[in-house]
Amino acid sequence: MKAEPIKSRKDIAKVEQYLKLHNKRDYVIWVLGLNSGLRVSDIVRLNVSDVVDKTHIKIIEKKTGKEKTFYINDKLKRVLKDYTKGRSLEEPLFLGKQGKRLDRSQVYRFIKRACRENGIKVHTSTHTLRRSFAYHHYQQFKDPIVLQKIFNHSSQRITLMYIGIEQDEIDLSYKNFEL
């Protein structure tokens, strides 16, 4: 089963509060993933220098090899500024317990645990952050073309399927249809 977006803003906020109280690093990854749409494999590759005193984060996507640049919104700026205070620019942004760069499996475990602890019943994985970003971005702006460009998808249809909008719209049409 593929990862699902967390569609409830209340559920997202519950996990965010939980992580803020339990692990600052995990909280920052959560906020970064939800506000950027980056894959976790790209998030864990970031260094402190990639985010300090920047208006945009620029990366080469691990999966596609394509360059991606995105604006750092105000919430993310605040969270990153606090998190990087006093840190060396050369070090990885996210370190594990042994002082090495965090890996995807560690992120997977904290997402799974945080969602379970907060009673969130969606199928979670590291892709949950990316799909949640996409779902809520679409709900706010209703613009699949922008999302298609953000995700480098080949069509709007793929983007809508990716975030589960297509099925939601089909369900709604059945719900509101009577003959």
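**Exercise 1.** Does Glu16 count as buried or exposed, and at what relative accessibility?

*Solution.* Start with the model: it is predicted, with local features needing pLDDT of at least 70 and side-chain atom pairs counting only at pLDDT 80 or more, while totals for chains, interfaces and linings use all residues. Residues are numbered from 1 along each chain as its sequence is written, and side-chain values use heavy atoms, without hydrogens and water.

Next, find Glu16 in helix 1. Its relative accessibility is 14%, so Glu16 counts as buried (under 20% relative accessible area, with exposed over 50% and partly exposed in between, for a 1.4 Å probe and protein chains only). Finally, look at its contacts (heavy atoms within 4.5 Å): beyond neighbours within four places in sequence, Glu16 touches Tyr27, Trp30, Val31 and Lys75.

**Exercise 2.** Describe how helix 1 packs against helix 5.

*Solution.* Take the geometry to begin with: helix 1 (residues 9-22) and helix 5 (residues 104-117) pack at about 115°, and their axes are 9 Å apart. Then list the residues that meet: Val15, Tyr18 and Leu19 from helix 1, and Phe110, Arg113, Ala114, Cys115 and Glu117 from helix 5. By class, this contact has 6 nonpolar, no polar and 2 charged residues.

**Exercise 3.** Which residues of helix 8 are buried, and what covers them?

*Solution.* In helix 8 (residues 156-163), pick out Thr159, Leu160, Tyr162 and Ile163 as buried. They span an arc of only 155° around the axis, so they sit on the same side of helix 8. Now see their cover, which includes helix 6 (127-141), helix 7 (144-151) and helix 9 (165-175). Just after helix 8, Gly164 has a positive phi of about 80°.

Note on methods. Axes are lines fitted to C-alpha atoms, for helices over the stretch in contact, and angles run from 0 to 180 degrees between N-to-C directions. Helices (H or I, at least four residues) and strands (E, at least two) are DSSP runs, numbered from the N terminus. Ala, Val, Leu, Ile, Met, Phe, Trp, Tyr, Cys and Pro count as nonpolar, Asp, Glu, Lys and Arg as charged, and the others, Gly among them, as polar. The arc is that of the directions from the helix axis to the C-beta atoms.
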